[in-house]
Amino acid sequence: MEKRKLITTTGLLLLATVTCNAQDISTSKLANTVWTYEYNGIFEFLEFSKDSIWETSYSSYSHNTIRYSKPYYLSEDKKEPFNMKKVGTSTSGKYLLRWNMKMKEKEYCEITTLTKDTLVLFFEAQPHYIGAADISFTYKRVR
């Protein structure tokens with residue numbers, strides 16, 4: 001009897017962990033927010049609107065700033081082809097799909113954490129990128 005109770009408790013804990021990690025993110029939680037990430041004097045900013053992400057990189061060493069926007073939407077499927085008709089209308093999912101206009105290709109990442117103060121994005125290594133590796137970035141909310 002005690003062994004069965006332990007297995008049931010372990011199973012419930014596992015289910016709770018999976019459920020907590022499988023959060024559904026909504027565009028309304030991202031729109032009108034700004035996030036920052038700093039690494040060795042380079043600052044990255046992500047500014048979300050309902051339909052685009054403004055990405056800004058600033059180097060405190062060279063004082064260079066690069067700023068560009070990418071249309072995005074949220075999806076439950078990272079493998080779907082990018083669909084411009086969903087930009088600004090697809091409002092929930094755990095994957096952030098964005099369109100890189102310069103490269104004419106879809107980019108995606110998984111939103112693993114979204115709280116009032118923290119945004120964690122997981123980028124899966126792409127096989128056609130040389131030296132690519134899986135990586136997560138933890139952003140802090142600016143406003």
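Here is a quick tour of this structure, from its confidence to its cores and one of its strands.

This is a predicted model, where local features need pLDDT of at least 70, side-chain atom pairs count only at pLDDT 80 or more, and totals for chains, interfaces and linings use all residues. Residues are numbered from 1 along each chain as its sequence is written, and side-chain values use heavy atoms, with hydrogens and water left out.

**Confidence**
- The chain's mean pLDDT (the predictor's confidence in each residue, from 0 to 100) is 83, and 83% of residues reach 70 or more.
- Residues 3-22 have pLDDT below 50, and beyond near neighbours in sequence this stretch makes zero contacts (heavy atoms within 4.5 Å) in the model.
- Where pLDDT is low, the predicted coordinates should not be read in detail.

**Cores**
- A nonpolar core is a set of buried (under 20% relative accessible area, 1.4 Å probe, protein chains only) Ala, Val, Leu, Ile, Met, Phe, Trp, Tyr and Cys residues joined through side-chain atoms within 4.5 Å.
- The largest one has 17 residues, and those with the most contacts inside it include Leu-30, Phe-48 and Leu-121.
- Strands (DSSP runs of at least two residues, numbered from the N terminus) E2, E3, E5, E8 and E9 each supply at least two residues of this core.
- A second, separate core of six residues includes Tyr-73 and Phe-82.

**Strand E9**
- Five of the six residues in E9 are buried.
- E9 runs antiparallel to E8, with four bridges joining them (pairing takes at least two DSSP bridges), and a hairpin links the two through three residues.
- Six bridges join E9 to E10, also antiparallel, and Thr-118 stands opposite Lys-140 in E10.

Key:
Buried < 20%, exposed > 50% of the residue type's maximum accessible area, 1.4 Å probe, protein only.
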